[in-house]
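Welcome! Have a look at the sequence and the model below, and then we will walk through some features together.

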Amino acid sequence: MGKLHHIIEAQQFDRKFLEEELFPLAREMEEVAKKGGTPCLSGKRMITLFYEPSTRTRASFEMAIDLLGGKVVFSTENARQFSSAAKGETLEDTIKILNGYYPDVIVLRYDEEGGAKRAATVSKVPIINAGDGTGQHPTQALLDLYTIQKEIGRVSDTSIAMVGDLTRGRTVRSLSYLYTKFPGVKIYFISPEATKMRDDIKDYLKEKGVGFEEGNDLRKVASRVDVIYQTRTQKERGGLLEKDNEKESFCVVNQEILNLMKKDAIILHPLPHVEEIAPEVDGDKRATYFRQAENGLYVRMALLKMILS
Amino acid sequence: MGKLHHIIEAQQFDRKFLEEELFPLAREMEEVAKKGGTPCLSGKRMITLFYEPSTRTRASFEMAIDLLGGKVVFSTENARQFSSAAKGETLEDTIKILNGYYPDVIVLRYDEEGGAKRAATVSKVPIINAGDGTGQHPTQALLDLYTIQKEIGRVSDTSIAMVGDLTRGRTVRSLSYLYTKFPGVKIYFISPEATKMRDDIKDYLKEKGVGFEEGNDLRKVASRVDVIYQTRTQKERGGLLEKDNEKESFCVVNQEILNLMKKDAIILHPLPHVEEIAPEVDGDKRATYFRQAENGLYVRMALLKMILS
Amino acid sequence: MGKLHHIIEAQQFDRKFLEEELFPLAREMEEVAKKGGTPCLSGKRMITLFYEPSTRTRASFEMAIDLLGGKVVFSTENARQFSSAAKGETLEDTIKILNGYYPDVIVLRYDEEGGAKRAATVSKVPIINAGDGTGQHPTQALLDLYTIQKEIGRVSDTSIAMVGDLTRGRTVRSLSYLYTKFPGVKIYFISPEATKMRDDIKDYLKEKGVGFEEGNDLRKVASRVDVIYQTRTQKERGGLLEKDNEKESFCVVNQEILNLMKKDAIILHPLPHVEEIAPEVDGDKRATYFRQAENGLYVRMALLKMILS
């Protein structure tokens, strides 16, 4: 890969880049953060343009650029409601105008699929997709993958159960794309009937020869997988998650699942988590989601460093 | 003029200041920005206090102070809804309190006419009016004028058509005040009957001896003017723009207008633009509005430098 | 007291700390601010996490850290509406995640009593309570006390009338706790029947042997007290303030009260003030509330310096 510019979708990264460039640099960034940061991106200007709220993602990007010596020069957390967008301005025009104000990178959270790609077509400066509606959330997928690599020791030859709202869950979509880069992997899509993984991803997996199975009962696969990736019931993503009859589907992580899981397996979750993970799980050492969130800082620092230096 | 302090309304500037101080400094600021900025306002503290949203205006001020080495020390983008104002605090009290926190300048966007003037009466530090309801938006008017000067080569002896919602359009009101400073100018106010320019401006123009005409069909003057200044249909400014029968008024910029316009005329718009400019216009070299937005950065840098250094 | 870490409630401070450490340092901070600040907290990172709006409190904290050379690395002004909280995330989880991003201090405004204490139980970095619902607002109480000390010359042996909505008023609750640290004080709780001081505070005062009286007519005590602490009619705190028949209660500060007051008494108010203080009072030299707001900057600078250096 050449020098990293826009970050739009998970598919753009290859295994070599991930294993030989991103992961080692993220590990290095952890050391840098622990030592209080580095001035390596001194003078670099970041805009965070969020059309829908995300405390965690915005905070991790803004604190990442600070730890690298750069600056947030403009930040808005609900551009849809509070900006020119409310006056009917297109995303493309907003990006063109912000380009005229000398930023070095624009971190964009958009509320419709394809937003980041549209922004990139008109932007001279790099666009980082921080989530675009039901589309992708590639930096989340990268931090998910980095967490698996760090905790399990590898991504190749691992099996993962993706659980819950797979229809609207951006993170599992992006992660599925990334999983195709690694040999020997197996994916279990575990969801109620109403929120199954969409065909585009399944077709992509078939095309790439990645094995996957679908089911609606996490208990049936919990003992077999290295990773359980639980997702959130996303009320705000449009439409309520229709609950199946309990006899038919089982998509919660609780003590019963903990009892079934391998000793060295891990539980991931993009957070925030609500009732889809039972309170007793938080105390289990396999509950990896808070370390996963922290890894988000290191991965974003690594990406910013690659893009801006 | 003495040292610049508050920026409240377009009328406060004279032609000498504009042509001999502001415009040359804005041009210089463009060079400064292209070279990555200057630390000349190092340590200077700016507050952006916005009572209604404006991504573009807030971004350009915040990025301007950064390019000059200063800092945004407090920023709020919807003070009306999210602040003490919601608890009934007067603007004057808010300004008095913020003065006690050692800012060097307060950039104020207020949602009622006269807000900046009221703020200035109680503020020890300079107030910059970044728009006050249906009142003025003087820095927009200055960047508009700077754009005309830069693109046409002069403001004197130019003719301009101001088009659209002239009743509520802050920018055309402020720009009209500024136009009176220059000899040989001619203004055409082109609008539907429901949104004609208000009498206060027309009386002011008469008093200053500036020629103007009113009409409702842009086609009739498009071939004659140096500048077409299109405005936005401002739904959020209160009341819907009542549309005239199409036979009666023509206030859109489209291919028909492009065909009529002089080759070296320019089209300005305060942005965001929606249906009042047809999509085909964006690609025409006379569509100057994105460069105009960029000039906003340079003009605001120049003003901040004059006020704070 | 050992080194200051979390600031959760007014009770945690003793008189020695207040008189020998905090007040002298706040006085020193005033000099520092007047000289343009100090780089003593260079590199320190502050998060302002506000679940409900407060222009003044947020501004004073953010400008305080800047004057000390530190930085705001992440700021949100309505976390309840615009963040993961809207997706059901607990405060504890949000705090845990933000801890993973290397802040040095988190300033928290929460919308439910007990929020700061809950945050402190899971946070490795110091939490500063910037108000938690109807609970406490300890830095406000500290600045109130500092203002009394500075203006009257002492806190011991002073009498104070706390007036208005004493049921929901966070500031008078916290200030009452602090008053128990000083000998010879007397408190008058003056309120309509519907918004009397709650029993927990009155029990605490009895336990500590602090004299207090309750009443509903400020005129009866105005000539006797050194401090009138007026509070705001807090519509947004839940429930409208039920107004008593005017014959029965008198809880406004107006010319009649000014005429009764001692010449060197002071009027405090946490601001914003609305109709509970008549307009004519603002011009009286005993109206101390704008200096009180300014003192907030110095007290917060002092607290940040103690916590972070």
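How many salt bridges does a search of the whole structure find over all chains? The search finds 73 salt bridges over all chains, where a salt bridge is a side-chain nitrogen of Lys or Arg within 4 Å of a carboxyl oxygen of Asp or Glu.

## Before we start

This is a predicted model, in which local features need pLDDT of at least 70 and side-chain atom pairs count only at pLDDT 80 or more, while totals for chains, interfaces and linings use all residues. Residues are numbered from 1 along each chain as its sequence is written, chains are lettered from A and ligands numbered from 1 in the order in which they are written, and side-chain values use heavy atoms, with hydrogens and water left out.

## How the copies are arranged

Let us begin with chains C and A.

Do the copies meet through different surfaces or the same ones? Only 17% of the interface residues of chain C are also interface residues in chain A, so the copies meet through different surfaces.

## Where chain C meets chain A

Here, 24 residues of chain C are in contact with 32 residues of chain A (contact means heavy atoms within 4.5 Å). The size of an interface is often given as the accessible area lost when the parts come together. Between chain C and chain A, the buried area is about 2,500 Å², and carbon and sulfur atoms give 57% of that (buried area is the accessible area, with a 1.4 Å probe, that two parts lose on being put together, summed over both).

Three salt bridges are counted between chain C and chain A. One of them pairs Asp66(A) with Lys71(C), with the closest N and O atoms 2.7 Å apart. The rule also finds eight residue pairs in polar contact across the interface of chain C and chain A (both at pLDDT 80 or more). A polar contact is a pair of N or O atoms within 3.5 Å; within protein, one must be able to donate a hydrogen and the other to accept it, and residues adjacent in sequence count only if both atoms are side-chain atoms.

Which elements give two or more residues to the side of chain C that touches chain A? They are strand E1 (45–50), strand E2 (71–76), helix H3 (79–82) and helix H4 (91–99) of chain C. Helices (H or I, at least four residues) and strands (E, at least two) are DSSP runs, numbered from the N terminus. The largest share of this side of chain C, five residues, comes from E2(C).

## Where chain B meets chain C

Now for chains B and C. There, 24 residues of chain B are in contact with 32 residues of chain C, and the area buried between chain B and chain C is about 2,500 Å². Three salt bridges are found across the interface of chain B and chain C. Lys71(B) and Asp66(C) form a salt bridge, their closest N and O atoms being 2.7 Å apart.

## Charged pairs within a chain

Side chains of opposite charge can pair when their charged atoms come close. In chain A, Lys34(A) forms a salt bridge with Glu30(A), at 3.5 Å between the closest N and O atoms. Lys34(A) and Glu30(A) are four residues apart in helix H1 (residues 15–34) of chain A, so about one helical turn separates them. Glu30(A) is buried at 12% relative accessibility, whereas Lys34(A) is partly exposed at 47% (buried means under 20% relative accessible area, exposed over 50%, partly exposed in between, with a 1.4 Å probe and protein chains only).

In chain C, Asp203(C) and Lys206(C) meet in a salt bridge (4.0 Å, N to O). Asp203(C) and Lys206(C) are three residues apart in helix H8 (residues 199–208) of chain C, so they too are separated by about one helical turn. Lys206(C) is exposed at 56% relative accessibility.

## A buried asparagine

Finally, Asn129(A) lies in strand E4 (residues 127–132) of chain A. Asn129(A) is buried, at 0% relative accessibility, and its side chain makes a polar contact with the side chain of Asp132(A) (3.4 Å). Leaving aside neighbours within four places in sequence, Asn129(A) is in contact with residues including Ile7(A), Leu108(A) and His137(A).
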